[in-house]
Structures are given as C-alpha cells and as structure tokens.
Amino acid sequence: MKNLISRILLLAAIFLLAPVTAFAQSTDATRVGITQFTSGFLLVVVVIGVIVNLWKTTRKYGGIVGNGLRLVGTGMVFLSVEALDRAAQSLGNAGVIASIITEKYQPIVHDLLLVIALFFVALGFIKFHSVTK
C-alpha cells in the first residue's frame, strides 16, 4: 500500500511539474511545443528519479558511507540539471535557467551550478576518505 501511494505521488508530481517547466521554457505562454514539453518532462523525471534512488540507496548503507553517497548524489543532481539545461539550449529551446534568469546573468548561474555540484561531490569524496582513517 505504501509503495502504491508513493508511485501515485511520484506520477502526479511528474505530470504536474512537466507542463510547468515547459511553460517556463516557452517564449509564448499560450503555445508549448512538443520539444519543450519533452525536455521539461525529462528534466523532472531525471531529478525526481535521482532523488528517490539516492534516498533509498543511502538509507541502506547508513553511516559515513551513506552520508558520502548522499553528498555525491546531491552533486550529481546539480550536474544533471546543468547538463539537461545546456542540452535544451543547444537544441534551440530556451532552457529552464534561460527562462528564469536574464541573459546577462545566465553564464554566471550555469557556472555557479557547476561549482555547487563540484563542491558537493568533493565533500562526498572527503567523507569517503574519512572511512579509511
């Protein structure tokens, strides 16, 4: 029963957030193309899938290794969002970041996402290194 409820909530979150990200990417809010909807849908699916699997996996490991995996996984979420946004931009769509941030600050936000991701990954590997001590 608990598994069924979590699956229903996951599907509801995906189908509610995908149109929102598609509308955020669209320059004309009344018309959303299939590519914008698909890229928004993929972004939501990847982020939710990574977070769900991350929490399930780290709960089983526990301790210092679980904390390290959680930190590395958080960095991977930031890297996934950054990569999908840049892929959307190279396909001709306005990415999610491009629709939220003005054009002047977009490179700064992309670089900031990369720095945050590398920071969490580095903290995770520091935790892994502390296991060997």
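**Reading a helical chain**

Trainee: What share of the contacts in the protein chain between residues at least 6 apart in sequence join residues at least 24 apart?

Mentor: A contact means heavy atoms within 4.5 Å. Here, 62% of those contacts join residues at least 24 apart. Keep in mind that this is a predicted model, where local features need pLDDT of at least 70, side-chain atom pairs count only at pLDDT 80 or more, and totals for chains, interfaces and linings use all residues. Residues are numbered from 1 along each chain as its sequence is written, and side-chain values use heavy atoms, with hydrogens and water left out.

Trainee: How many helices and strands does the protein chain have?

Mentor: Both are DSSP runs numbered from the N terminus: helices are H or I with at least four residues, strands are E with at least two. This chain has five helices and zero strands, giving the pattern α-α-α-α-α.

Trainee: How far does helix α5 reach from its first C-alpha to its last?

Mentor: The expected span is 1.5 Å times one less than the number of residues. Helix α5 (residues 106-131) has 26 residues and reaches 38 Å, close to the 38 Å expected.

Trainee: And which residues of α5 are buried?

Mentor: Buried means under 20% relative accessible area, using a 1.4 Å probe and protein chains only. In α5 they are Gln106, His110, Leu113, Ala117, Val121 and Gly124. Across the chain's 133 residues, 27% count as buried.

Trainee: Which residues does the "transmembrane region" annotation cover?

Mentor: UniProt annotations may be inferred rather than shown by experiment. The unreviewed entry gives 34-55, 67-88 and 108-126. In the model, residues 67-88 are 100% helix, with end C-alpha atoms 32 Å apart; residues 108-126 are also 100% helix, with ends 27 Å apart.

How values were computed: Buried < 20%, exposed > 50% of the residue type's maximum accessible area, 1.4 Å probe, protein only.
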